[in-house]
Amino acid sequence: MRLNRKNKGLLFGFVVALYICYSFAISNTISYYKEYQSKSEMISENNSSPKLASQLRQKEKQLDVMLSRYNIKASESFQNDLLKQLTAYGDSYHLKIIDFKEPHSITEKGFTTTSYIFSLEGSFNGCLASLNKIENNPTLGSIKHLNFTTKKNYKTDANQLFVEVILQKNKGIK
């Protein structure tokens with residue numbers, strides 16, 4: 001069988017395509033698989049070592065220190081803790097808690113997300129300072145929405161600032 005010029009070109013192109021596929025995809029896959037095997041062997045060897053147990057104890061101590069630094073306590077009612085914090089911030093920044101609605105809970109993908117909706121009244125700087133304190137306290141959750149509104153009080157002829165806050169707390173289902 002004779003190879004003409006067209007068939008030689010096709011054969012050469014096929015060999016080049018195979019080389020490119022190997023260099024870009026197959027060789028990387030093989031190297032990643034070898035790395036995966038070596039790391040899985042290392043993990044299986046270290047599972048029963050006393051060194052790993054001591055590292056885990058040290059990590060537990062570090063986490064306990066972090067938890068004590070942020071004053072994280074397992075209390076029965078998060079809502080009561082939130083109200084205490086809001087009252088403390090309201091006293092220090094001259095704010096009033098106008099409204100505190102019933103919490104709204106959603107269970108989705110192994111997590112329970114509880115949303116707390118409350119309204120504050122006071123100065124803009126006081127509201128921002130208290131919201132900053134709430135946001136920087138990791139035990140309270142995260143602020144998802146803010147709505148600043150001003151209303152005119154016709155009795156005193158003054159403008160009042162209200163802020164509605166939606167605070168979300170995520171909790172894993174046990």
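Ser119 touches Lys96, Ile97, Ile98, Asp99, Val163 and Glu164, once neighbours within four places in sequence are set aside; contact here means heavy atoms within 4.5 Å. This residue lies in strand E3, and Ser119 is buried, with a relative accessible area of 12%. Buried stands for under 20% relative accessible area, exposed for over 50%, and partly exposed for what lies in between (1.4 Å probe, protein chains only). Please keep in mind that this is a predicted model, where local features need pLDDT of at least 70, side-chain atom pairs count only at pLDDT 80 or more, and totals for chains, interfaces and linings use all residues. Residues are numbered from 1 along each chain as its sequence is written, and side-chain values use heavy atoms, with hydrogens and water left out.

**Overall layout**

- The protein chain holds four helices and five strands, taken as DSSP runs numbered from the N terminus (helices H or I, at least four residues; strands E, at least two).
- Their order along the sequence is α-α-α-β-β-β-α-β-β.
- The radius of gyration is 31 Å, whereas a compact globule of 174 residues would have one near 16 Å; the value is taken over C-alpha atoms, and the globule rule is 2.2 Å times the number of residues to the power 0.38.
- Along its principal axes, the C-alpha trace spans about 105 × 55 × 30 Å.
- Among contacts with a separation of 6 or more, 58% join residues 24 or more positions apart.

**Surface and charge**

- Of the 174 residues, 17% count as buried.
- The chain exposes about 13,900 Å², and carbon and sulfur atoms supply 56% of that area; the areas come from the Shrake-Rupley method with a 1.4 Å probe, and for residues only the protein chains shown count as cover.
- There are 24 positive and 15 negative side chains, with the centres of the two sets 13 Å apart.
- For that count, Lys and Arg are positive and Asp and Glu negative, while His and the chain ends are not counted; each charge is placed at NZ of Lys, CZ of Arg, CG of Asp or CD of Glu.

**The largest nonpolar core**

- This core has 16 residues, and those with the most contacts inside it are Leu82, Phe118, Ile134 and Leu167; a nonpolar core is a set of buried Ala, Val, Leu, Ile, Met, Phe, Trp, Tyr and Cys residues joined through side-chain atoms within 4.5 Å.
- Two or more residues each come from helix H3 (78-93), strand E3 (111-121), helix H4 (124-136) and strand E5 (158-172).
- H3 gives the largest share, four residues.
- Leu82 is found in helix H3 and counts as buried at 0% relative accessibility.
- Beyond four places in sequence, Leu82 meets Phe100, Tyr116, Leu140 and Leu167.

**Loops worth a look**

- Lys101 sits in the loop between strand E1 (96-100) and strand E2 (104-108), and counts as partly exposed at 36% relative accessibility.
- Not counting residues up to four places away in sequence, Lys101 touches Ile117 and Glu164.
- Most residues other than glycine have a negative phi.
- His94, in the loop between H3 and E1, has a positive phi near 55° and counts as exposed at 70% relative accessibility.
- Asp157, in the loop between strand E4 (142-153) and E5, also has a positive phi near 55° and counts as exposed at 57%.
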